[in-house]
Amino acid sequence: MSGINSTVNQRTNMAGQNRLELLLFGLNDDQEYGINVFKVREVLTCPELTGIPKQTTALKGLAHIRGETIPVIDLSQAIGGGPIPAEDRLNCFLIVSEYNRRVLAFLVRNVDRILPAKWDQVSPPPIETNEKNYLTAVVQHEGGLIEILDVEQVLADLIPVSTDVKTTKVTENFKKNAAQYHILVVDDSSVARTQVKKALENLNIKVTTANDGKAALDMLTEMADKDQRMTDMFLMVISDIEMPQMDGYTLVKKIREDVRLKPLYVMLHSSLSGRFNLAMVKRVGADAFIGKFNPDELAEAVIQRIESVEG
């Protein structure tokens with residue numbers, strides 16, 4: 001696994017080029033799955049796990065790794081498949097990842113290789129698939145399909161997150177004033193779109209959503225073609241980073257390259273966290289970045305934007 005871990009550490013130069021690399025892995029079936037290497041901290045053979053009393057979900061125990069105690073999720077069971085038997089775990093692997101400010105380890109059968117791709121080669125799931133599945137995108141490769149799982153949906157089902165906004169700044173007077181504002185939310189994860197939408201609706205703000213960066217750019221360009229002033233249409237754009245067809249970094253670059261769209265305030269909102277993203281915000285021209293998902297932090301960022309607009 002040292003080769004894979006070394007490769008993971010060298011991939012930050014792809015950001016902003018609408019490119020990604022997928023760490024490919026297998027579960028309990030013949031399907032090949034992928035996870036963005038930017039989400040991967042390390043890959044290691046599964047150690048002995050510390051059990052959690054009365055735990056009956058896909059949360060299988062705790063791994064003690066480099067001084068941290070990390071929850072381990074059987075990814076096969078979490079998406080509705082059969083669990084990996086306890087006696088097999090020591091022959092399996094952990095993908096240690098950071099999602100939504102949590103460090104988690106996903107138990108998988110095997111880890112294959114890293115596959116380079118472009119986001120415009122990544123497609124949304126076929127329309128025939130059920131909206132309630134855990135599939136967020138697919139990549140065609142060597143005559144087959146690599147499935148990218150909606151890990152945010154997996155985690156939301158396993159460890160639910162509240163969308164309630166508790167800040168005392170959201171008064172009835174604030175809500176009355178906020179009703180005039182409109183925000184465009186861009187995210188390929190249905191659960192992430194729903195979380196952000198509910199949090200913003202707690203502020204009494206109108207929300208329009210787009211499923212990926214290309215859909216958002218097409219929407220904005222069509223409005224601009226009709227001579228609609230972008231700052232009159234939207235208070236801000238809140239965009240995920242990882243999305244099929246066009247990632248969030250590229251969306252920001254495209255917005256800044258179009259003189260009609262350039263004045264839009266764009267905040268990147270992603271489970272890809274850390275200092276790397278703060279540097280990328282400046283590089284691509286975004287106005288702000290916050291990590292997913294904290295409804296009060298999201299609300300505070302929107303409140304600050306409203307205050308700056310109103311002077």
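The buried residues of helix α3 are Val 151, Glu 152, Gln 153, Val 154, Leu 155 and Ala 156, where buried means under 20% relative accessible area, exposed means over 50% and partly exposed lies in between, with a 1.4 Å probe and protein chains only. The structure is a predicted model, in which local features need pLDDT of at least 70 and side-chain atom pairs count only at pLDDT 80 or more, while totals for chains, interfaces and linings use all residues. Residues are numbered from 1 along each chain as its sequence is written, and side-chain values use heavy atoms, with hydrogens and water left out. Helices (H or I, at least four residues) and strands (E, at least two) are DSSP runs, numbered from the N terminus.

Because six of the eight residues of α3 (residues 151-158) are buried, this helix is largely enclosed by the rest of the structure. The cover over its buried residues includes β5 (68-74), α2 (75-78), β6 (93-99), β7 (102-108), β11 (144-149) and α5 (190-201), with contact taken as heavy atoms within 4.5 Å.

## Packing of α3 against α5

Helices α3 and α5 pack at an angle of about 65°, and their axes are 7 Å apart; axes here are lines fitted to C-alpha atoms, for helices over the stretch in contact, and angles run from 0 to 180 degrees between N-to-C directions. On the α3 side the contact is made by Glu 152, Gln 153 and Ala 156, and on the α5 side by Ser 190, Val 191, Ala 192 and Gln 195. By class, this contact of α3 with α5 has three nonpolar, three polar and one charged residues, where Ala, Val, Leu, Ile, Met, Phe, Trp, Tyr, Cys and Pro count as nonpolar, Asp, Glu, Lys and Arg as charged, and the others, Gly among them, as polar.

Gln 195, which is in helix α5, is buried with a relative accessible area of 10%. Not counting residues up to four places away in sequence, Gln 195 touches Ala 156, Val 161, Thr 163 and Phe 293.

## Packing of α5 against α10

The axes of α5 and helix α10 (residues 295-310) come within 10 Å and cross at roughly 60°. The two helices, α5 and α10, are therefore oblique to each other, given that angles under 35 degrees count as roughly parallel, over 145 as roughly antiparallel, 65 to 115 as roughly perpendicular and the rest as oblique. The crossing of α5 with α10 is right-handed; a crossing has this hand if the near helix is turned clockwise from the far one by less than a right angle, and is left-handed if anticlockwise.

In this contact Val 196, Ala 199 and Leu 200 of α5 meet Pro 295, Leu 298 and Val 302 of α10. The residues of the contact of α5 with α10 divide into six nonpolar, no polar and no charged.

Gly 213, Ala 216, Leu 217 and Leu 220 in α6 meet Leu 251, Lys 254 and Ile 255 in α8. The contact of α6 with α8 comprises five nonpolar, one polar and one charged residues.

The largest nonpolar core has 27 residues, and those with the most contacts inside it are Leu 184, Val 186, Leu 220, Ile 255, Leu 261, Leu 264 and Leu 268; such a core is a set of buried Ala, Val, Leu, Ile, Met, Phe, Trp, Tyr and Cys residues joined through side-chain atoms within 4.5 Å. The elements that give two or more residues to this core are β12 (182-186), α6, α8, β15 (266-270) and α9 (275-284), and the largest share, five residues, comes from α6.

## Backbone geometry in the loops

Most residues other than glycine have a negative phi, and most peptide bonds are trans. A cis peptide bond joins Lys 292 and Phe 293, with omega about -25°, and Phe 293 lies in the loop between β16 (288-291) and α10.

Glu 142, in the loop between β10 (135-141) and β11, has a phi near 50°, a positive value in a residue other than glycine, and at 71% relative accessibility Glu 142 counts as exposed. Asp 227, found in the loop between α6 and α7 (230-233), has a positive phi near 65°, and at 72% relative accessibility Asp 227 counts as exposed.
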